[in-house]
Amino acid sequence: SDLSFSREMDEISTAKRRALYVAVAALCTEIDFGGAEKAALETLVEMLQSYLSEVGRSARQYTELSARSVGNLNDVRMALTEMGADLNSLETYSRRPKRMKVNDQGADLSKMVKYSLGKERENEIREKSAQAAAIAPLKVGDRRPHPDHVPSYLPEFPDPHTFIKTPAYRKPCGDYQEQVQFER
């Protein structure tokens with residue numbers, strides 16, 4: 001159980017790390033780098049990860065300082081301002097002319113991936129992306145169709161196992177002897 005949890009956390013960490021690699025490689029491509037050594041790219045990824053972690057930590061502190069448990073945009077703004085970021089330049093930066101867009105279906109990453117992973121890893125990532133796109137989501141049970149009074153443009157009902165009633169409490173005990181035995 002602990003081993004599978006540890007393996008799952010490693011996979012999540014690896015996925016996050018790959019996303020940072022793609023982001024850094026995309027930025028390098030945007031500013032016309034011809035290539036980058038793995039150590040240099042690793043350093044940039046580490047710096048980006050540290051920066052994002054610090055923004056998140058600081059935003060969480062502003063959230064908690066305001067006696068809230070869920071953060072909002074103002075907390076992030078305060079954190080970025082505290083770290084010296086110029087918030088007025090963010091909109092200009094987001095509209096830069098050579099901005100690379102990576103869509104959620106694994107765009108052609110060949111330009112970006114070549115900086116960090118090499119040809120063999122590039123092909124492996126392409127294959128895994130194609131396999132992930134081909135796998136259908138897990139379905140348990142049969143979904144119910146909409147009743148007549150529910151408009152058809154609304155999403156389907158979820159799988160039945162997500163809303164089946166399951167008691168989450170113990171039946172109350174009325175017998176004194178059973179109660180005493182349970183408490184021991």
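The accessible surface of the protein chain in this predicted model comes to about 15,100 Å², computed by the Shrake-Rupley method with a 1.4 Å probe, with only the protein chains shown counting as cover for residues. Carbon and sulfur atoms account for 56% of that surface. Of the 184 residues, 16% count as buried, that is, under 20% relative accessible area with a 1.4 Å probe, protein chains only.

Residues are numbered from 1 along each chain as its sequence is written. As the model is predicted, local features need pLDDT of at least 70, side-chain atom pairs count only at pLDDT 80 or more, and totals for chains, interfaces and linings use all residues; side-chain values use heavy atoms, leaving out hydrogens and water.

The protein chain holds seven helices and zero strands. These are DSSP runs, numbered from the N terminus (helices: H or I, at least four residues; strands: E, at least two). Among contacts (heavy atoms within 4.5 Å) between residues at least 6 apart in sequence, 44% join residues at least 24 apart.

Glu30 lies in helix α1, which covers residues 2-30. Glu30 is buried, with a relative accessible area of 9%. Leaving aside residues up to four places away in sequence, Glu30 touches Arg96, Lys98, Arg99 and Met100. The side chains of Glu30 and Arg96 make a polar contact at 2.7 Å. Such a contact is a pair of N or O atoms within 3.5 Å; within protein, one must be able to donate a hydrogen and the other to accept it, and residues adjacent in sequence count only if both atoms are side-chain atoms.

Arg96 also lies over the face of Tyr93, at 4.0 Å from the ring centre. The cut-offs here are NZ of Lys or CZ of Arg within 6 Å of the ring centre and within 35 degrees of the ring normal.

Definitions and conventions: Buried < 20%, exposed > 50% of the residue type's maximum accessible area, 1.4 Å probe, protein only.
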